[in-house]
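Work through the exercises below with the model open. Try each task before you read its solution.

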Amino acid sequence: MSPSTEPLLPAMPAVVPGRPYTHEMVIVHRVFRRESALLPRLVRAVPAGDTERARAVTEHVEEYAYGLHHHHHLEDELIWPPLRTRAGAQDDLVHRMTRQHASIDATLERIQPVLTDWRDSADQGTARTLADLLEEHRDALSEHLDDEECLLLPLVAEHLTVAEWDLVGRRGLEALPKNKVLLALGAILEDATDEERAWFLGRVPLAGRLLWRFVGRRQYQARSRALRATLETD
């Protein structure tokens, strides 16, 4: 059911004892890559005047934007400061990441008023403008994620402790509303390899794994089918 067109993913890197396992960030980034590519398609596929559908897509855009903003906030708060003090030679690179965060925030700010207008009208002209803005956002985000994965994550693995890295994931989970946790897990697992999926689920308590197996998986699949239904004809 994945809309990803990436044919094969590289093998999952080995866990290095005593070092942060930064590959989990790559897996999380796939969610933002996939959804940022889907958003303009979802907007364009809404029939003119279908405000009920426009509201559903708007809710998804807003949830995406909240998740991305919080993800970047955690990096700003918990990752960049220790890197600045411990990887001084790479300080310009850290500043580059913060500037990219600001640029991405600016794309989301430009999107919001257009999104609000479109939600209430489902106007096709507004939809075209909104989709174009979402594509600009996707381009800015993709550049940032590429840089972060290639240039910054190796520094994280070298300079942050396991406890510091784990705090990032824990704070991210704590910020999720309880009724969104299983949906977030489904979003992460959707484009994961079998090995990555087993690794992620292995970190979930038994009760959570059972809840995912018997409730969460169907819940996520049903939500994804409903949200992407119009893409079959776009």
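**Exercise 1: Ala-56**

Ala-56 sits in helix H2, residues 51-86. Helices here are DSSP runs of H or I with at least four residues, numbered from the N terminus. The model is predicted: local features need pLDDT of at least 70, side-chain atom pairs count only at pLDDT 80 or more, and totals for chains, interfaces and linings use all residues. Residues are numbered from 1 along each chain as its sequence is written, and side-chain values use heavy atoms, with hydrogens and water left out.

Task: Is Ala-56 buried or exposed, or partly exposed?

Solution. Start with the cut-offs: buried is under 20% relative accessible area, exposed is over 50%, and partly exposed lies in between (1.4 Å probe, protein chains only). Ala-56 has a relative accessible area of 35%, so this residue is partly exposed. Now step along the chain. Ala-56 and Arg-203 are 147 residues apart in sequence, and their C-alpha atoms are separated by 32 Å.

**Exercise 2: Helix H6**

Solution. Take residues 181-190. Eight of these ten residues are buried, leaving the helix mostly covered. Among the buried ones are Leu-182, Gly-186 and Glu-190. Next, look for contacts, meaning heavy atoms within 4.5 Å. The cover includes helices H1 (23-44), H7 (194-202) and H8 (206-228).

**Exercise 3: Aromatic pairs**

Task: How are the rings of Tyr-21, Trp-199 and Phe-200 arranged?

Solution. First, the rule. Rings of Phe, Tyr and Trp (its six-membered ring) pair if their centres lie within 6.5 Å; planes under 30 degrees apart are stacked, over 60 edge-to-face, and the rest tilted. The count is three aromatic pairs. For Tyr-21 and Trp-199, the ring centres are 5.0 Å apart and the planes stand at 50 degrees, so the pair is tilted. Tyr-21 lies in the segment before H1 and Trp-199 in H7, so the pair ties together parts 178 residues apart in sequence. Both residues, Tyr-21 and Trp-199, are buried. For Trp-199 and Phe-200, the centres are 5.3 Å apart and the planes are at 90 degrees, so this pair is edge-to-face. Both Trp-199 and Phe-200 are buried. Tyr-21, Trp-199 and Phe-200 form one aromatic cluster.

**Exercise 4: Phe-214**

Task: Where is Phe-214, and what is its relative accessible area?

Solution. Phe-214 is in helix H8. Its relative accessible area is 45%, which makes Phe-214 partly exposed.

Notes: Helices (H or I, at least four residues) and strands (E, at least two) are DSSP runs, numbered from the N terminus.
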